[in-house]
Every structure is written in structure tokens, then in C-alpha cells.
Amino acid sequence: MSDGDNAKPRRRRGRRRGRRAAGPPEANAERAPSAGESSPAPAQNAQQPAKPGQNRKPRPSRRAPDRLRTVHETSAGGLVIDGLDGPKDTQVAALIGRIDRRGRMLWSLPKGHIEVGETAEQTAVREVAEETGVQGSVLAALGSIDYWFVTEGRRVHKTVHHYLMRFLGGDLSDEDMEVTEVAWVPLRDLPARLAYADERRLAVVAGELIDKLHTDGEGALPPLPHSSPRRRPQTHSHARNRRPEDSPPRRANGCGPGQ
């Protein structure tokens, strides 16, 4: 027998039991537990390979919010004065009162929508007659008020033109179903009686125009602004009795939702 036949077989390195196999440290970081040894708890900070799309953040809903339709409405009204030719202390103005949702009586100037074929002045005369029962004639413009409010799923931009008017005749009447009460109020009491700030400012303008009327005559009053008859019907809102505290309108001034 030759020496080569008696040679013992050589062990290959790396095959011994318990020795780590060759490879990167990350691949051998975990080993199988031996008999009687409990499995180690998984590391909390261990990073698992991310699956495709696993780390994507949920996309927020891109559904557009519902937009309110915006409409524009135009109204006209007047401050009717009885006793214009006499002393201011004896002059009275016709106001209308409505009960709001809190049970409060709110006093304001009569006004209403401009209908097809009407000018703003004609609407003021008609609305004063319908809401107070008295007749008046337009003398001068007091100014315009505009404000925003929301009703019936619409954003309404309201513009109201007001006029100084001379009392011609008639008796106060609250037959209009949208009016709770009507009254003659002394001119000096208007700032305290009117519910809305912009209408109180119009009362101040009316006092200045009345002074000019007494001093220089009716011809000294400023000319009326041009007003064309309305050609198209407009949306009529149903928020006449609402106050800014009852519904959340966006107002550009101190006048609440009206006609």
C-alpha cells in the first residue's frame, strides 16, 4: 500500500460545526436557536425591505368643495318725510318693523326688488306704498347700500338704492304680509330707532338734504342719478327677515339682509 493510500482525508475549512460561513456580516446577523434556547425577540429598529408602494403616503382626496352660486340682486326704497315744509322738530318718517328669529322688532326703511320695466325711482315709490300704505314722490338720492348673505344655497350680493321722498298722502297700513308693524317716527329719533348702521347714516344724509331744501329750495338738491328700466327678471331671495346673527352672511357694511 502506498503512502497516498494511507493518507487521511483533509477537512475543508469552513465546514466545522458552529463556524460561520463566509459571506457579508449582514447576511449572518441572525442564527437559528440551538436546542433549549428561546428565539430572540426581533429588533425594533430593524429595517425590513420595503415592498413596492408600501412607503407611499395616502393621497388626500382631491374632490373640489361645493361652490355656492353667486347671484346679484338690486332693490330700491325710500325715506318718506311728512312735514318737509315745516320745522325739522315736527317732521316724521315712515318706517317698517319686522320681528326677527329672536323676537326682536327691527325697524328699517321700506324697500323691495326692482321689477322688469321699472326704474329704481319707480320701485321706491311702489315699495313704499305697498309696505307702508302711504304715497310719496322722489326728491333726491340718499345713497346706495350693498352687502352679502347666503340663502337657499346661493351667495347673494344685494344692492339697495335709497331716496329721500316727500309725503303726498295715504294712511299707514301694515297689510303687507312681510311687514309686522309700520309707524311714523320723528326725524330726530331715526338714529336710535333704525336697526342697521348704514341706514342710520342715510338718515344723517337726509337731514343734510332737508337743511339744503329749507335754505335754498328744491332746485338746490343734487340731481337724481340716471336709472334705466330693468330689462331682465332677477332672483328674489327669501332672507328678508334674517339678521346677520341668525344666518352667516358676509356683509360689506352695517346693513343686514333685506329686500
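How many contacts beyond four places in sequence does the model have for residues 239-258, where pLDDT stays under 50? The count is 68. The protein chain has a mean pLDDT of 79, with 66% of its residues at 70 or more. Over residues 21-30 the pLDDT is below 50, and that stretch has two contacts beyond near neighbours in sequence. Where pLDDT is low, the predicted coordinates should not be read in detail.

| Strand | Residues |
|---|---|
| β1 | residues 69-82 |
| β2 | residues 92-99 |
| β3 | residues 105-108 |
| β5 | residues 134-151 |
| β6 | residues 154-170 |
| β7 | residues 181-186 |

Strands β2 and β3 run antiparallel and are joined by four bridges.

Now for another positive phi. Glutamate 152, which is not a glycine, has a phi near 50°. You'll find glutamate 152 in the loop between β5 and β6. For context, most residues other than glycine have a negative phi.

Over in strand β1 there is serine 75. Is serine 75 buried or exposed? With a relative accessibility of 0%, serine 75 counts as buried, because the cut-off for that is under 20%. A polar atom of the serine 75 side chain lies 3.4 Å from the backbone oxygen of glycine 112.

On to the aromatic rings. A pair of rings is described by the distance of the centres and the angle of the planes. The model has two aromatic pairs. One of them is phenylalanine 167 with tryptophan 184: the ring centres are 5.4 Å apart and the planes meet at 85°, so the pair is edge-to-face. This pair links distant parts of the chain, with phenylalanine 167 in β6 and tryptophan 184 in β7, 17 residues apart.

Another ring has a charged neighbour: arginine 193 lies over the face of tryptophan 107, at 5.5 Å from the ring centre.

Notes:
Residues are numbered from 1 along each chain as its sequence is written. This is a predicted model: local features need pLDDT of at least 70, side-chain atom pairs count only at pLDDT 80 or more; totals for chains, interfaces and linings use all residues. Side-chain values use heavy atoms; hydrogens and water are left out. Two strands pair if DSSP finds at least two bridges between them. Helices (H or I, at least four residues) and strands (E, at least two) are DSSP runs, numbered from the N terminus. Buried means under 20% relative accessible area, exposed over 50%, partly exposed in between (1.4 Å probe, protein chains only). A polar contact is a pair of N or O atoms within 3.5 Å; within protein, one must be able to donate a hydrogen and the other to accept it, and residues adjacent in sequence count only if both atoms are side-chain atoms. Rings of Phe, Tyr and Trp (its six-membered ring) pair if their centres lie within 6.5 Å; planes under 30 degrees apart count as stacked, over 60 as edge-to-face and the rest as tilted. A charge sits over a ring if NZ of Lys or CZ of Arg is within 6 Å of the ring centre and within 35 degrees of the ring normal. pLDDT is the predictor's confidence in each residue, from 0 to 100. Contact means heavy atoms within 4.5 Å.
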